[in-house]
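I opened the model to look up its pockets and its surface. My entries follow.

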Amino acid sequence: MGIRHYLKDIARGKDGARALTRDQAADLMGQVLDGTASDLEVGAFCVAMRIKAETPQEMAGFLDAVHARLEMLPASTRPLIVLPSYNGARKLPVLTPLLALLLAQRGWPVLVHGNSTEERRASSQDVLAALDINALTTLEEIESGQVAFAPTALLLPGLARLLDVRRTLGLRNSAHSLVKLMDPLAPVAGDSLIVSSYTHPEYALSMAETIALTGLDALLLRGTEGEPVADPRRTPQMDGYQAGRGHRVQEAQEGPLTALPQLPSDISAASTADYIRAVMAGTLPVPTPIALQVDHICQLAEKI
């Protein structure tokens, strides 16, 4: 049937649009991911949802479609820590790889997944490559104490194609939110903890409601420039979720900053990798907000 009949509901403007049910959203997204919708329909869908904004029910349906189509990633022996990394460095060094290595040091299997959507930014993939951790070419079990990077196209090619629509339209679309909640172990019902982040405060509630609807185990925080790592300068609020049930695990740091961590001014992949090596070697301290985040992630993962 195509997605034209869904467009009639969602593309009536901010005030006239009607929300889809979870099942309808899953059907729509499934057609987009499978490539059965035309390029024109996909573009219309992206713009319509950008204007209307996704409801939690729609996001849950979109996730259902994604999880039904993911390539099979074998479950790990311990809960897999999942770090979606899609924004990269803009003003600060991208420290998602540092978070990943600190978690692996504590014995957890860690999967970073991403897709370059910002050509002028250093990405986690770039930094990990500089640390001699190259992208996977085939899906394999992530071992305890291992950090692996999976390109989005390896997990779900249709989702990578949807992310790339941004290069044509110049706008983010629903895929950029989906990847932050995606569970790569959903097809095998494996244990995982998703470290999810939001940039704008208004997304905190909708993401929390989507996590509740889908029953995810997760840590949700306001990330650093869209990355799932705590701002190294100021501790953000963090909420933990167990099977979709949320609770506050960390209050946001208030008041003026009394000290700043020693961060590299050069945010290139090579410079960031050098900084991470120094932190992992103990030459430089772990920034307190990131150390706290590691503790909270470990505590949540232990309860899965």
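I looked up the largest pocket and found 24 lining residues, with Arg-50, Arg-172, Ser-177, His-200 and Tyr-203 nearest its centre. A pocket here is an open set of points on a 1 Å grid over the protein atoms alone, where a 1.4 Å probe fits, with protein on both sides within 12 Å along at least five of seven lines; lining residues have an atom within 4 Å of a point. This is a predicted model: local features need pLDDT of at least 70, side-chain atom pairs count only at pLDDT 80 or more, and totals for chains, interfaces and linings use all residues. Residues are numbered from 1 along each chain as its sequence is written, and side-chain values use heavy atoms, with hydrogens and water left out.

I noted a space of about 570 Å³ for the largest pocket, a volume being the space filled by probe spheres set on the points. At least two lining residues come from each of α4 (39-52), α10 (174-178), β4 (192-198) and α11 (202-214). Helices (H or I, at least four residues) and strands (E, at least two) are DSSP runs, numbered from the N terminus. I sorted this lining by class and got six nonpolar, nine polar and nine charged residues. Asp, Glu, Lys and Arg count as charged, Ala, Val, Leu, Ile, Met, Phe, Trp, Tyr, Cys and Pro as nonpolar, and the others, Gly among them, as polar.

Next I took the second largest pocket, with a volume of about 340 Å³. Its lining has 17 residues, and Arg-222, Gly-223, Thr-224, Asp-231 and Arg-233 are the closest to its centre.

Last, I checked Ile-51, which sits in helix α4. Ile-51 is partly exposed, at 48% relative accessible area (buried is under 20%, exposed over 50%, partly exposed in between; 1.4 Å probe, protein chains only).
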